[in-house]
Amino acid sequence: MFEKFVITDHMVKRYHQRTNVAEGEIIERIKKDLHFTKIKQIVNIGNFRHVFTLHSKEFIFVRSGGKWVLKTIIKRTREENILAINKRKKQANG
């Protein structure tokens with residue numbers, strides 16, 4: 001993502017509920033997924049940033065108080081991910 005971001009406790013708890021993984025490991029997984037070599041596409045729409053990774057995940061960030069805050073993570077199939085990228089690009093272009 002090339003900028004610092006915040007992972008909220010709420011986000012970690014939601015991720016933990018879905019995957020049943022230790023909270024420390026969750027943060028490490030998120031950081032590894034957002035390494036610059038694994039980012040496929042970044043689409044900015046207003047104060048939202050949609051980051052698409054090579055493993056068909058979409059990370060949605062919100063600009064809040066001068067920081068990027070992780071709002072949610074969406075896991076998709078490869079085909080759905082391509083459709084989502086195109087949809088976000090259309091939204092960005094108006």
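Reply: Happy to! Glu58 is buried, with a relative accessible area of 0% (buried means under 20%, exposed over 50% and partly exposed in between, using a 1.4 Å probe and protein chains only). Keep in mind that this is a predicted model, where local features need pLDDT of at least 70, side-chain atom pairs count only at pLDDT 80 or more, and totals for chains, interfaces and linings use all residues. Residues are numbered from 1 along each chain as its sequence is written, and side-chain values use heavy atoms, leaving out hydrogens and water.

Glu58 sits in strand β4; strands (E, at least two residues) and helices (H or I, at least four) are DSSP runs numbered from the N terminus. Its side chain makes a polar contact with that of Arg88, at 2.9 Å (a pair of N or O atoms within 3.5 Å; within protein, one must be able to donate a hydrogen and the other to accept it, and residues adjacent in sequence count only if both atoms are side-chain atoms). Leaving aside neighbours within four places in sequence, the contacts of Glu58 (heavy atoms within 4.5 Å) include His50, Val51 and Phe52.

Phe52, in β3, is the bridge partner of Gln41. Strands β2 (residues 39-45) and β3 run antiparallel, joined by six bridges; two strands pair if DSSP finds at least two bridges between them. In their hairpin, with two residues between the strands, Gly46 takes a positive phi near 60°.

Both β3 (48-53) and β4 (57-64) are among the elements covering the buried residues of α2. In that helix (residues 23-33), Ile26, Ile30 and Asp33 are buried.
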